[in-house]
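Have the sequence and the model open while you read.

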Amino acid sequence: MHHGGASGEVPVIVWRRWIFPILLVIVFGACAAGLVKLAFFPEAGAAMVSPEAGITDPVIPVERGSVTNELSLSGNVARDEAYPVRSEINGTVTAVHVGNGAVAAGQVLFTVKQDYPVRNIDIVAPEAGDLSEIAVIKGQQVSVGGDVVTLSPARYHLVAAVEPVQLYRLVNTPAEATVTITGGPAPFSCTGVQVQVTADGAASVRCALPAEQTVFAGLPAQMDLALGQVDDAVVVPVTAVQGGSGSGVVWIDAGEGSEPEERTVTLGVNDGAIVEVVEGLEEGEMVRQFVPGFVAPVEEFCYEIAPGVEQCDSGMSW
């Protein structure tokens, strides 16, 4: 009896210690192989319904709407540049009436005895400002066109930097702009708006501040330009147009399976996001939302993952 019982337990021990572990290894190995196949060697049917297969260039309808081209620029108040006051006669200085410092408009600066016909003529300040670099003394000969003094006018202007990419929006710059000085008076108008571009490509917009406004050099200010407005116009997003001022090209959806039609259009008011199409498109036509080769901007999506902790993910906008 004793030997029979011992021989019956041996197979049980073998199954528990060897057979079951081996079977488990085989089962888990098969599962792992299946997962690898699904991850790296998908079935042909699965590939056919992958999301990438359904991506197409988005198209949008041409609509009617309003476009207001407004541009706000940040700048600073500055004093107008100094310039030389020049003699307009030939003669001899008989008196110097001023020194360096402030003068009023029309104030006598020098008296010159003209050579022919002989007479005494007063040279006056053309405008209010500050004198410097007085270049004449009593008894000195002066001639037409010679510098006699440097005048820094009591005039101010606002100058604001502008990105070169915005210059096309400034093609039809208005003569006036609205100025808002930080911590200063109510908004007021400036005149003589002009766009300046240096040889190295730096661009700015400048306008003259009214004399009656009390301002100081260096004050920060905002310049608001009303560059144009249209209502009930044919409009498309700027992303759909190759070109942004005067003329451009859009791509018309020609129907299922057809290549898009390239069409030249005449452009009008542009607010940086929407542009008016003056000629070339009709309301209701379908155009590609992005020109060929355009990379859609990346949009960032942020959400709170814990109190006071935010996580942001980015993805393409189409």
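## Ground rules and overview

This is a predicted model, with local features needing pLDDT of at least 70 and side-chain atom pairs counting only at pLDDT 80 or more, while totals for chains, interfaces and linings use all residues. Residues are numbered from 1 along each chain as its sequence is written, and side-chain values use heavy atoms, with hydrogens and water left out.

The protein chain has two helices and 21 strands; these are DSSP runs numbered from the N terminus, helices being H or I with at least four residues and strands E with at least two. Of its 318 residues, 27% are buried (buried is under 20% relative accessible area, exposed over 50%, partly exposed in between, with a 1.4 Å probe and protein chains only). Take the contacts (heavy atoms within 4.5 Å) between residues at least 6 apart in sequence: 62% of them join residues at least 24 apart.

Three bridges tie β5 to β8 (residues 129-132). A102 has D130 in β8 as its bridge partner.

## The disulfide

There's one disulfide by the rule used here, which asks for a pair of cysteine sulfur atoms within 2.5 Å. The sulfur atoms of C190 and C207 sit 2.1 Å apart. Their S-S torsion is about -95°, so this disulfide is left-handed. C190 lies in β13 (residues 188-197) and C207 in β14 (residues 203-208), 17 residues apart. Both cysteines are buried.

## Cores and an enclosed strand

The largest nonpolar core has 22 residues, and V179, V205, L209, M223 and L225 have the most contacts inside it. Such a core is a set of buried Ala, Val, Leu, Ile, Met, Phe, Trp, Tyr and Cys residues joined through side-chain atoms within 4.5 Å. β2, β11, β12, β13, β14 and β15 each give two or more residues, with β15 giving the most, four. Beyond its neighbours within four places in sequence, V179 touches several residues, including L158, F188, C190, C207 and L209. A second, separate core of 16 residues includes V85, V98, F110 and V142.

Strand β16 (residues 247-252) has five of its six residues buried, so it is largely enclosed by the rest of the structure. Six bridges join β16 to the antiparallel β17 (residues 261-270), where V249 is partnered with T264.

The Y116 to P117 peptide bond is cis, with omega near -15°; P117 is in the loop between β6 (108-114) and β7 (119-124).

Two non-glycine residues with positive phi are worth a look: E133, near 55°, and D232, near 50°. E133 is in the loop between β8 and β9 (141-142) and is exposed, at 59% relative accessible area. D232 is in strand β15 and is also exposed, at 52%.

Terms used
Two strands pair if DSSP finds at least two bridges between them.
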